[in-house]
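Visitor: Could you walk me through this model, one feature at a time? I'd like the general idea and then the case at hand.

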Amino acid sequence: MRIAATNGGPTIEKQRPLTVQLKPALAPSPLRSVEAITEGLAGVGYIASRRIATALFMAQHLQKPVLVEGVAGVGKTELALATATLLDLPLIRMQCYEGLDESKALYEWKYGKQLLYTQILKDRMGEALEGAHSMEAAMDRLHGMGDMFFSEPFLEPRPLLRALRYEGGAVLLIDEIDKSDEAFEAFLLEILSAYQVSIPEIGVIKAKTPPLVFLTSNNVRDLGDALKRRCLHLHIPLPDAHLEERIVATRVPGVEARLTKELVAFVQTLRTLDLRKVPSISETVDWARALILLHAKALETDLVRETLNVLLKFEQDIVAVEPKLNEYVAKASEAAGGE
Amino acid sequence: MPSPVQATIEDFIKALRASEVRVSPAEAIDAHRTLMEVGYADRTLVKDALCIALAKTEEEVARFDDCFETYFTRDEFRGEPPEQRQTSGQAGSEDSADLPLAEMLLSGDQISLAQAMESAANRARATDVRLNTQRNLLSRRMLDNMGLRELEELIQRLREQGLPRDEALADRLAERREALFVEANKFVDRQMQLYASETGRRMRDKLLAEQKLTNIEPEEMRSMEALVKRMAKRLASRYSRKRHRADKGKLDVRKTIRKSMPYGGVPFDIVWKRETIDKPKIVAICDVSRSVQAAAQFMLLFLYSLNEVVEKLEAFAFSDRLVRVGDILEDEKGALRICKYVGLEEAQWAVTEQPPEGVGPVVPDGEQPKVIER
């Protein structure tokens, strides 16, 4: 407020809002600190342990890719998706498989257009070379013409090249790198260390803004040392009960606190058994969803028996667990503080 | 000259390497860059950040966590400082004034003692310790570097003077010298754990790898399992990924057009889509004999490990009849089950890469089985 003097004495004039346009302050980066990352990821539905948040912090500040390992279903891919949402960046996902090569991953030439170009060139060649009476003159003129055949307009970018071309950066997810061949792994090295690719016909293409790269692996085969050396390594273990309860509560909002505690305690018990495939986080979340659909309020042996196939994916595991279901359910109920 | 922090990190990296966490020079640089980013204030953050930068497998992560805790935890000189006796402390100061170790011991300055021990350890090159037998030598060198000899001479001199006051001082110094021995041993134990714990295992593995199968003791079987798994994985990865393009199947239009460019678009060089991978097919046959039980166990383990990585593995065991055992190898405890299944206690195995129908070469009784490559 300010006081303005008028003939009738001082009156109080309402201050008008400031109309000067201030330069908008840069929003603080969601990756400025480990705590900010943990909070930010929680905001987009990903409950991260401190080590996961630290990995993301370092990936951003050291500009290095993160190699994420862990058993299936612990949230490796989800981490990349959540990061893209958090940073509001486009996510480019490349699924690896045996036989994946650079023509599917990096770039390909638009062959159809190239052929058409050749045809047009043939038709126009007479015009272009008109007046060149000797072979040498014709060749000189040919050299003078721009070499269009292998040029950017004929380049079909694949995921890796697209990720390098985004002005504002992107999140690049190279999923299940262990499924690809060793040759492809070697081919990735240049991109992962220098954020650039060499295309023999064009030259080196450098990233405008280096993308944030996640590579995931299920350990189908051992990755090469060269690749590992270029990456930060994050191993996501199966979570402890407390973290898992938070994950379930976030991913399945309708589930009651007591049921969450019970089902997590039950899953944690299963993980101590000698099973062929122990349930991971995604199975716990699926199971919680299934229990909600069945209107469950608490774990009961029959209910668990009927839905056990959501948690355990091998018949021999189900057979091994079933006889002791009563005991495990009672234990889970006890762990959740029930009677 | 490296800064103290840099030297600490370098020693830590040395300890990591001794614990079989492979850290290349480039990764060591990454570790320093990491610390510049995260600072030193938050212990958990430093641990997590270094772990992410340096440990590259799940096993390495576990080893890193152990190593970090051992390296950055100081248990030495944690106890209560000895009670101060004002009068005798005062009296002793004249004799011990020239000897910093005696001063520290008498004043009970735990922090200075810990620092002195750290720098004595550096001078004694504690990070170079590799064998258990070096334990006493290292401990002695460290204490000598701290001034133990001079301390002992002082105690001797005080006792020779024969005055009650000097006697009392000598007793107190001797008592605290004993306490110093205990702390020094603790320190050396930690150094051994950091820098020498894996050396023994590596030597055992090396010996085991060169040992005759018949001489392997039952308690060495677990180590052998790990070794065999590594061998099988190496063998399989060397032979499992020879790929070549098939000469029939579906036409790869893109590649064919690409190759036709030099011929003006005429598809002269035709490319097919299918790529085939040569994966070895293995047939293993087990012969029964009374003399080579250890060999059978070794080969069963080898086959089980190979089964995980080889596309097609046919395994047969026979005593009086031939039994297919490939399915049992799918199971983790397959090797043991096979022995029971075919009534084997002692068996001998021969492995060959894709022999003709039926029988592969069987190694004669009493000889070591071997992998025969085609």
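**Reading the model together**

Guide: Let's begin with a pair of strands: Gln196(A) has Lys206(A) as its bridge partner in E9(A). Before going on, note that this is a predicted model, where local features need pLDDT of at least 70, side-chain atom pairs count only at pLDDT 80 or more, and totals for chains, interfaces and linings use all residues. Residues are numbered from 1 along each chain as its sequence is written, while chains are lettered from A and ligands numbered from 1 in the order in which they are written.

Visitor: How many bridges join strand E8 of chain A to strand E9 of chain A?

Guide: On terms, helices (H or I, at least four residues) and strands (E, at least two) are DSSP runs, numbered from the N terminus, and two strands pair if DSSP finds at least two bridges between them. Here E8 (residues 196–199) and E9 (residues 203–206) of chain A run antiparallel and are joined by four bridges. Val197(A) is partnered in E9(A) by Ile205(A). Three residues sit between E8(A) and E9(A), and the two strands form a hairpin.

Visitor: What does Leu164(A) touch?

Guide: Two residues are in contact if their C-beta atoms, placed from the backbone, lie within 7 Å. Leaving out residues up to four places away in sequence, Leu164(A) touches Val197(A) and Ile205(A), along with Tyr195(A), Ala207(A) and Pro211(A). Leu164(A) itself belongs to helix H7 (residues 159–165) of chain A. Pro211(A) is 47 residues away along the chain, yet its C-alpha atom is separated from that of Leu164(A) by 6.6 Å.

Visitor: Is Leu164(A) buried or exposed?

Guide: A residue is buried if 20 or more other C-beta atoms lie within 10 Å of its own, exposed if 12 or fewer, and partly exposed in between. Leu164(A) counts as buried because 23 other C-beta atoms lie within 10 Å.

Visitor: Which residues touch the most other members of the largest nonpolar core?

Guide: In soluble globular proteins, nonpolar side chains tend to be buried together. A nonpolar core here is a set of buried Ala, Val, Leu, Ile, Met, Phe, Trp, Tyr and Cys residues joined through C-beta atoms within 7 Å. The largest one has 126 residues, and Leu232(A), Leu54(B) and Met142(B) touch the most other members. Helix H10 (residues 164–195) of chain B supplies the largest share of this core, 10 residues. Apart from it lies another core, of 18 residues, including Ile282(B) and Tyr304(B). As for Met142(B), its contacts beyond four places in sequence are Met117(B), Ala120(B), Ala121(B), Ala124(B), Ala126(B) and Ala184(B).

Visitor: Now the chain interface. How many residues of chain A are in contact with chain B?

Guide: There are 24 residues of chain A in contact with 24 residues of chain B. Elements giving two or more residues to the chain A side include helix H2 (50–62), helix H5 (111–128) and strand E11 (232–235). H2(A) gives the largest share of that side, seven residues. For classes, Ala, Val, Leu, Ile, Met, Phe, Trp, Tyr, Cys and Pro count as nonpolar, Asp, Glu, Lys and Arg as charged, and the others, Gly among them, as polar. The chain A side then has nine nonpolar, six polar and nine charged residues.

Visitor: Into which domains is chain A divided?

Guide: Domain bounds come from an automatic or database domain assignment. For chain A, that gives domain 1 (34–105 + 161–235), domain 2 (107–153) and domain 3 (241–335). Taken over C-alpha atoms, the centres of domain 1 and domain 3 of chain A are separated by 32 Å. Their contact takes eight residues from domain 1 and nine residues from domain 3. The domain 1 side divides into four nonpolar, four polar and no charged residues.
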